[in-house]
Amino acid sequence: MSAVPFLALILAACGATSALEPGGEHADAAAEELSSAPASEPTGDPPRAASSERAEGSAPVGSGERRGPSDFSEIELARILRHSPLPPRPPDPTNRWADDPRAARLGQALFFDARLSANGEIACATCHRPELDLTDGKALFEGLGVGERRTPPLWNLAWSRWLLWDGRVDSLWAQAVQPLENPIEMGGDRLAAAHLIASDPDLRAAYNELFGALPDLADGARFPEHARPVAGRPDDPHDVAWRAMEAADREAIDSLLVHLTKSIAAYERLLVSTDAPFDRFVAGLRDGDPEKLAALSARERRGLKLFVGKARCRMCHVGPNFTDNEFHNLSLPTADGGLPRDAGRYEGSRLLRADPLNAAGKFSDAPKGAAAERLGALVVGSETWGEFKTPSLRNVARRGPLMHRGQFTDLAEVIGFYSTLEGQSRLHGHRETVLVALELSEQEQADLRAFLGSLSGASLPETLLGPPTLPRAGQ
Ligand code: HEC
Ligand code: HEC
């Protein structure tokens, strides 16, 4: 056993918590545990103390001497403490404007602005809908076309080191370029976006204040209405128009585009989910406050015990965001029972390395920083075929369908799958050896579901959930 859980335990037992910062390193430690010694992970449930059989909602426990509820073993307690609280938002040195409130306000305006799309009807918020937990509630996304993957929510991505199901981008600002220009999502292009900023006085004023003057776009021969690079499609009219531009003009437009997406990223960094019943419960474990300890019902506590023990969920859903920030192949069932076709991480890491917008590229504000260094360590091997990012489980009970193709309708189906592994697709790539059919009883499945429900956080301030009011130009 590593030193961290012991430390956590001792600190928890004394109610001294300030030294306990459950940051990325804890997740890393857990990921190491996972890769080095999954077989030695103790999975049996220690005998449950009588107190755990209390009726739903009755007062929880604390044995008076500032110890945790007696329905958890010491090992379980140490693990639970690693899931909360959420540490402070880490900085993003690749984005100089990451924490600038003016950039966030401009980014918020862009996030809700459908004029950035080819038909004027699709904004980021069309798929990432505030009222649907920042998803679209569909199995496969629908923009200008229908996609092959599900829209994930955008919670707590400031803590995420790889973005998208396959990790093909490594920053929020690089990510935002993709839906904007993807013909089946918004179908926009960077020239049209530049013209929009230039023609809208409020957007232009907000832009000027942060990034200085726009290039003079009035000369239509130099700056066409529509143009963008289209990899591998030299006949595409947008690509033809793009290549016809002067190199210096293309560069000016690229910088403008990145300013816009760095602003969107500044807004996305504010989409934080915390303060769920589970967080209050863990705060209670730390300070012994019975009111906080009452935040979880007996059923939810039983589910938590399974989560960190016998059900092995924490092997991947670890740390305060319930993700190891890594990629795994669960061999999820396919619709037709055949082999899966989506290469996931295998293709994602190849694309990330080649992306001029990655953390080591010229648009990054820290091209030699830690994020850039991580790129060097990327594994691009066939063992990553079919791997997808471990999603955060915060707010998970508020969304559905679930998984990267919306393979499951709801939590009951997900937990049913982990319980039996029924329908697992035939092997393609490297399947997780950690996954074993858990054979959970009906009651255990219901307990786990109840626990996942306790990860739903307080909602965001209204002011973040719609288009903001930009200061009027000239005021
Ligand atoms: C047509 C629907 C649609 C639109 C419009 C859309 N998205 Fe998404 N978004 C998705 C889908 C689908 C994914 C997952 C795609 C993948 O992993 O390949 C995704 C993934 C993301 C992610 C990564 C989340 C994670 O957990 O890694 C971010 C960030 C994001 N979108 C932000 C945006 C922004 C910003 C915009 C607007 C510029 C936007 N999206 C527009 C559907 C959409
Ligand atoms: C081997 C690592 C691993 C283990 C162990 C694991 N998960 Fe997952 N989980 C993942 C990955 C990876 C995904 C996304 C898979 C995909 O879409 O292809 C996922 C997806 C999910 C989702 C869907 C979330 C969403 O937004 O779509 C839920 C819910 C979930 N897991 C809960 C659990 C529970 C409960 C357990 C324990 C019974 C568990 N997981 C064990 C790695 C794991």
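Of the 475 residues in the chain, 42% are buried. The structure is a predicted model. Its chain holds 17 helices and 2 strands.

**The chain as a whole**
- Among the contacts in the chain with a separation of 6 or more, 73% come from residues 24 or more positions apart.

**Helices α7 and α8**
- Two packed helices are described by the distance between their axes and by the angle between those axes.
- Helix α7 covers residues 190-199 and helix α8 covers residues 201-211. Their axes come within 5 Å and cross at roughly 100 degrees.
- Helix α7 is therefore roughly perpendicular to helix α8, since angles of 65 to 115 degrees count as roughly perpendicular.
- On the α7 side, the residues that meet α8 are L196, I197 and A198. Their counterparts in α8 are L203, R204 and Y207.
- Sorted by class, this contact of α7 with α8 has 5 nonpolar residues, 1 charged residue and no polar residues.

**The shell around ligand 2**
- Ligand 2 has 25 residues around it, of which C313, C316, F388, L402 and H404 come nearest.
- By class, the shell around ligand 2 consists of 19 nonpolar, 4 polar and 2 charged residues.

Terms used. Residues numbered from 1 in each chain as written. Chains lettered and ligands numbered in written order. Predicted model: local features only at pLDDT ≥ 70, side-chain atom pairs only at ≥ 80, totals over all residues. Axes fitted to C-alpha atoms, helices over the stretch in contact; angles between N-to-C directions. Helix = DSSP H or I, 4+ residues; strand = E, 2+ residues; numbered from the N terminus. Parallel < 35°, antiparallel > 145°, perpendicular 65-115°, else oblique. Contact = placed C-beta atoms within 7 Å. Nonpolar A, V, L, I, M, F, W, Y, C, P; charged D, E, K, R; others polar. Near = placed C-beta within 6 Å. Buried ≥ 20, exposed ≤ 12 C-beta atoms within 10 Å, placed from the backbone.
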